[in-house]
Amino acid sequence: MVICNSKKLPIGILTERDILFLYNENIDFSTTNAYEKATKGLVKAHSNRKLDYALNFMVDHNIRRVIIVDERDKFLGVVEYEEIIFEFEAKNSRCDFKIFEVLLNKSKALEVDKKTTLKKTLEIMKEKNFGSILITHNGESIGIITESDIIELAKDNLNKEKSVDHFMHSPIFKVSTKTSIRECIALMRTKKIRRIIVEELDDYGEKIDYIITSKDILHNLQGNYSKFLETKLKSQRATFESLEDLVIEVYDFGDSQVVSWANRSAKQKLHISIDDSLQKIMTSYIRHLSKVRMKIA
């Protein structure tokens, strides 16, 4: 849910993950102000940006959705991972790749026994920062609890001391590591789900379940983003954040250039935001230089 002010400018957002954590903290939803609990640092993009820019935007900032605004920064709508996946699916040859390629370096699915209380299950999800968890019985996955399910639970204020099997979503949809990404996308689209369970056998013949999300598939469609993020975001940007120098990354559309990333120093000294135009950056930079010169004088 995007929260706007009286001028239709987006000022906050509440996601399913937020609701999951708030529900676990026993927040009274009937009296709590939504804006107080909303995320304030929004990532926005203007409506004339291209689809590949939106995709890079999501990967760079590790978000599931981009808030779209007009030329006056007024709210127009939201673009999510799934919408971009369906757009890319028909024209991208990488959709024929097998699902095991997405599994590389991915962690095993989070699991709890069906008799675990809902309260304990939510605590585990919060601790691990997972948006879903598999429910098992005798070592077999029989259901799943996701962020979407938590929305309904929070709304009805159900008893969290009951076992999680009372609230799980079942049946679950499983595929093998030989399944293509195209088949997974088709299943997600048909069943209107964001996650698919991938079953793999280890060297001892034991079953291992993974949860593949729309986010994993989207990264795979555009290439090996895991390595990209590790080298570009974690290493380079961590270094840039510690510098006093102004570091700005610009995305070139050909006829215009906008900020795709900036370090802390640049944001504070130039008062710029993500998706600002290069013209605005230069104006802010000139003002910054003028203040520096005045201090020296």
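Colleague: Of the contacts in the protein chain with a separation of 6 or more, what share comes from residues 24 or more positions apart?

Modeller: Such residues account for 55% of those contacts. Please keep in mind that this is a predicted model.

Colleague: How many helices and strands does the protein chain have?

Modeller: There are 12 helices and 13 strands in the protein chain. The chain has 297 residues, and 44% of them count as buried.

Colleague: How many disulfides are counted by the distance rule?

Modeller: A pair of cysteine sulfur atoms must lie within 2.5 Å to be called a disulfide. By this rule the count is zero.

Colleague: What makes you say that helix α1 is mostly covered?

Modeller: Eight of the nine residues of α1 (residues 16–24) are buried. Among them are Ile19, Leu20, Phe21 and Leu22. The cover over the buried residues of α1 includes β2 (10–13), α2 (34–37), α6 (118–128) and α7 (147–156). After α1 comes Asn26, which has a positive phi near 60 degrees.

Colleague: Why do β4 and strand β5 count as a pair?

Modeller: Two strands need at least two bridges to pair. β4 and β5 (residues 75–80) have five bridges, so they pair, and they do it in the antiparallel sense. Val69 has Phe75 in β5 as its bridge partner. The hairpin of β4 and β5 has five residues between the strands, and Asp73 takes a positive phi near 70 degrees there.

Colleague: In which direction do β9 and β10 run, and how many bridges join them?

Modeller: Strands β9 (residues 174–176) and β10 (residues 195–201) run parallel, and three bridges join them. To get from β9 to β10, the chain crosses through helix α8 (residues 181–191), and this β-α-β crossover is right-handed. Val175 has Val198 in β10 as its bridge partner.

Colleague: What joins β10 to strand β11?

Modeller: Seven bridges do, and β10 and β11 (residues 207–213) run antiparallel. Opposite Ile196 stands Ile212 in β11. The hairpin of these strands has five residues between them, and Gly205 takes a positive phi near 80 degrees in that hairpin.

Colleague: Last one: what pLDDT does the protein chain average?

Modeller: The average is 80, and 84% of the residues score at least 70. Over residues 224–229, though, the pLDDT is below 50, and this stretch has 10 contacts in the model beyond near neighbours in sequence.

Technical notes:
Residues numbered from 1 in each chain as written. Predicted model: local features only at pLDDT ≥ 70, side-chain atom pairs only at ≥ 80, totals over all residues. Heavy atoms only, no water. Helix = DSSP H or I, 4+ residues; strand = E, 2+ residues; numbered from the N terminus. Right-handed = clockwise from strand over helix to strand, strands pointing away. pLDDT = per-residue confidence, 0-100. Contact = heavy atoms within 4.5 Å. Buried < 20%, exposed > 50% of the residue type's maximum accessible area, 1.4 Å probe, protein only.
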